Amino acid sequence: MNLSTIDLREALLKYWPALFAGLLTLALASGAVWAVGESPLAVLLILFNSAFGGVENFSYTLFYATFILLTATAVTVALEAGLYNIGAEGQLYIGALFAVLWNQAVAALFQQQAGLSPALSVLCLVGGTGAAFIGGAFFAALAGYLKTYRQTHEVLSTIMLNFIAYAIVNWAILNPLKNVETQNSETVWIIESLRIEKIWGQASPFLFVALIIAVIVLGAITRSWWGFRVRATGQSEPAAKLAGIGVKKTLLSAMALSGGIAGLAGFNEVYCNSYRLIDGFSPSYGFTGLTVALLARGKITGLIAGALLFAGLQKGALDLDLETEYITRDLSVVIQALVLVGLCIGQSLKRRA
Amino acid sequence: MSFDGRLRSINKSFGLVKANEDLNLHVRAGTIHALVGENGAGKSTAMKILFGMVKPDSGQVIYGQTDVTSAWNPHKAAEHGIGMVHQHFMLALTEKVHDNLVLGFETTKLGFRQRKKERKALEELIETTGLKVPLDARVEDLPVGLQSRCEILKVLYRKARFLILDEPTAVLTPQETEDFLKTLHLLKSRGNTLLIVTHKLKEVMKIADDITVMRAGTTVATRKAKDTDVEELSELMVGRKVCLPRTISKKNSATERPLFELKTSAFHIAIQPGEIVGIGGVEGNGQDSILEALLDPRKLEAERFTILKENVLQYKTAQIRRLPLGIVPPDRHENGLNLSMSLTENLRLGREQCGRAGHAYFGSITASETSLLQEFDVKPPRPSLAASALSGGNQQKLVLARELGQLPNQSVLIAYHPTRGVDVGSIEFIHEKILAAAARDSAILLISSELDELMALSHRIAVFYRGTIARWFHGPHYDEKDIGLAMLTGGLGEKKEARL
């Protein structure tokens with residue numbers, strides 16, 4: 001008899017912050033929706049249906065989730081080393097650029113636009129993944145170098161490097177890589193035999209790669225000596241130094257890995273989605289990834305759930321704009337933000353409980 | 001007007017851990033009352049309950065005749081004339097002493113600071129209490145002794161009559177401690193009531209009127225200081241007979257090549273296998289330069305630096321840590337421990353794999369780690385607990401478990417204040433560990449502000465003064481006064497004597 005009451009109490013204590021946050025989020029979002037003159041219930045149904053209702057809709061959510069999971073994993077790596085990588089967005093673009101450059105190299109090397117043998121295609125795709133990774137890693141390592149050897153705070157350098165990345169990619173798209181057949185600012189298309197087809201609606205097989213990377217990287221952080229060095233450095237640099245950990249090397253490696261993973265999101269866009277690099281393709285995947293990483297706090301389940309949630313909101317927000325009278329794209333961003341507020345409150349409650 | 005302070009049948013648990021159980025304490029008005037007990041005996045919790053920082057699960061907090069248990073908090077306590085000086089100073093380091101003392105109680109007129117009025121009040125306070133501090137200095141520039149004075153003045157400025165002091169002498173040098181004890185006497189003679197929490201029994205015997213001993217969350221006895229002695233108190237604390245720091249017959253070191261040698265323009269230290277060299281001195285006189293040398297020898301302008309016969313002048317920290325070498329740093333919070341990591345992870349800091357690639361799997365808690373925690377009596381010995389959850393003394397034991405627990409024969413140990421903040425029972429154990437390491441032909445450098453400890457353990461003692469070694473003393477018998485004099489003035493007689 002006594003036992004069950006204790007169980008109930010503990011369960012409540014454990015979950016009530018989440019419950020409270022959920023209800024609060026609902027209330028806040030409903031309030032905003034109601035204020036502009038829409039029915040909260042209808043909007044909620046649209047949101048849910050558009051994100052998770054039916055194959056087509058859900059595959060779109062998975063499509064967004066692939067990007068967000070990659071950038072969130074990227075930011076998590078840096079975060080574990082005590083670094084705020086605000087530059088995942090820029091690293092992703094540089095990754096995409098390197099991915100296209102790799103395609104150009106392959107195209108030049110084989111002097112053909114189609115018809116690589118399957119084995120060679122796979123090899124080239126692996127190379128493309130590597131190129132995107134190296135591009136992002138190199139770009140993040142710049143910030144890492146500035147941090148470790150020049151004492152520039154990584155928040156400043158990564159933010160500013162974003163703009164440099166945008167500019168470089170923009171220039172490359174409009175000049176050497178320009179697709180002359182169109183007015184749009186986009187690069188030439190990649191070789192046909194390198195295009196990875198979607199497997200399920202909009203979802204690409206790269207989703208599995210993203211999942212595997214997330215699992216491996218987070219596993220390495222908690223279970224490898226490298227991860228131990230990263231965490232030790234992130235949590236207390238003086239203690240790490242006393243322990244003989246090469247603090248600079250560790251910070252650089254974490255930052256480079258972070259950028260490399262963000263770069264893979266660029267690969268996903270170029271080889272699995274649009275088969276070219278379109279200027280401004282990312283609806284801030286890098287920053288959404290930052291949000292998810294901060295909420296997930298290094299938990300793999302948190303990363304996956306967060307990626308799905310924010311991907312769903314991304315998808316749902318687009319449809320809200322189309323299907324309701326008063327809710328514009330901007331208001332759906334407001335709703336996303338309110339969800340975030342609710343989650344943050346929930347987490348701070350949980351920490352206090 | 002003075003008043004009594006009482007705790008009656010206090011119970012308090014944190015989760016499954018019972019911090020206080022049926023605790024009773026009576027601090028008589030106008031006395032110095034000492035609360036002693038081992039690490040984790042529940043002293044801190046008891047004090048926090050008195051000051052309203054922690055709410056008891058049951059029991060009463062009574063000041064004078066008033067039961068203040070319900071809705072008691074630090075703010076109300078301050079209004080009541082109760083002040084608390086925390087073990088870790090709560091000072092804004094980059095601000096001036098003046099501003100620190102009045103912080104939160106500034107004198108203002110129309111929203112503007114009345115610094116002159118404040119200054120007058122502060123000067124009066126300093127005059128009446130005799131606690132001299134430079135009001136215009138920045139706190140960070142002051143030695144720890146003066147910083148602790150600032151903490152007391154801060155509380156007195158808030159008109160406190162009942163002072164709670166948490167381990168006030170933990171970071172003070174012998175001289176500073178001496179001054180500090182005088183201050184406490186003075187405060188008492190002015191009608192204040194003082195409750196000090198400590199485990200330095202010698203000090204307690206010198207100043208306290210009443211002594212309450214705590215063990216395992218509850219008070220086991222209250223004694224008048226004149227009716228008891230250190231032996232009885234330590235027995236009450238530990239629950240068994242203990243041997244206090246004592247001179248143990250030390251083996252004469254053979255004149256071999258030293259295991260540790262550091263020669264700079266300012267000093268020369270060479271330690272033979274099996275030898276314990278003590279470093280004394282008022283804090284901030286250059287003792288820390290040895291740690292800096294270990295952390296980055298390349299920055300040091302040393303003539304010679306060898307550890308275990310290896311020339312380490314061009315080594316990085318990682319290379320140094322690969323040697324069989326234990327380092328107990330002076331500040332466990334700054335770099336001794338990673339407070340947010342678990343006990344196991346803290347034990348692994350500084351292990352060989354830390355600085356080297358090629359060791360992939362980090363692995364789970366091993367049996368040897370668990371037994372290491374038990375051997376060093378780290379409480380609670382739960383390997384997955386975060387280091388920040390341990391009390392100060394237990395954190396120190398954790399550092400020692402890591403640095404001292406796995407040393408092979410013929411290694412080097414550099415230990416700063418190894419027993420700082422550790423209880424009597426554990427001090428004995430730590431001293432034995434250090435002596436055992438010396439018996440296994442290790443070279444030991446012991447840097448401590450506890451003269452008793454230095455004199456009991458060291459073959460030789462070097463006194464640091466203004467960055468150099470002012471004087472060497474040779475054991476086994478030392479003259480406490482001579483060493484004290486050398487610490488304060490640099491000393492007379494044989495200077496910078498070095499032995500190869």
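The model is predicted: local features need pLDDT of at least 70, side-chain atom pairs count only at pLDDT 80 or more, and totals for chains, interfaces and linings use all residues. Residues are numbered from 1 along each chain as its sequence is written, while chains are lettered from A and ligands numbered from 1 in the order in which they are written.

Chain B contains 17 helices and 22 strands. Helices (H or I, at least four residues) and strands (E, at least two) are DSSP runs, numbered from the N terminus. The radius of gyration of chain B is 24 Å, close to the 23 Å that the globule rule gives for 500 residues, so chain B is as compact as a globular protein of that length. This radius is taken over C-alpha atoms, and the globule rule is 2.2 Å times the number of residues to the power 0.38. The C-alpha trace of chain B spans about 70 × 50 × 50 Å along its principal axes. Of the 500 residues in chain B, 45% are buried. A residue is buried if 20 or more other C-beta atoms lie within 10 Å of its own, exposed if 12 or fewer, and partly exposed in between; C-beta atoms are placed from the backbone. Two residues are in contact if their C-beta atoms, placed from the backbone, lie within 7 Å. Among contacts in chain B with a separation of 6 or more, 69% join residues 24 or more positions apart.

Helix α5 of chain B covers residues 144–157. At 1.5 Å a residue, its 14 residues should span 20 Å; the end C-alpha atoms are 20 Å apart, which agrees. The expected span is 1.5 Å times one less than the number of residues. In α5(B), 10 of the 14 residues are buried, so the helix is largely enclosed by the rest of the structure. Among them are Cys150(B), Ile152(B) and Leu153(B). The buried residues of α5(B) pack against elements of chain B including α4 (115–129) and α6 (174–189). After α5(B) comes Lys159(B), with a positive phi near 65°.

Ile444(B) lies in strand β20 (residues 443–447). It counts as buried, with 29 C-beta neighbours inside 10 Å. Beyond its neighbours within four places in sequence, Ile444(B) contacts Ile271(B), Ile276(B), Leu413(B), Ile434(B), Ala437(B) and Ala438(B). Phe473(B) sits in strand β22 (residues 468–474). Phe473(B) is buried too, with 23 C-beta neighbours inside 10 Å. Its C-alpha atom is separated by 8.8 Å from that of His459(B), 14 residues apart along the chain.

The contact between the chains takes 26 residues from chain B and 17 residues from chain A. On the chain B side, α10 (317–321), α11 (332–336) and α12 (343–348) each supply at least two residues. The largest share, four residues, comes from α10(B). The chain B side divides into 13 nonpolar, nine polar and four charged residues. Here Ala, Val, Leu, Ile, Met, Phe, Trp, Tyr, Cys and Pro count as nonpolar, Asp, Glu, Lys and Arg as charged, and the others, Gly among them, as polar.

The largest nonpolar core holds 233 residues, of which Ile68(A) and Ala307(A) touch the most other members. Helix α3 (residues 54–80) of chain A gives the largest share of this core, 16 residues. A nonpolar core is a set of buried Ala, Val, Leu, Ile, Met, Phe, Trp, Tyr and Cys residues joined through C-beta atoms within 7 Å.
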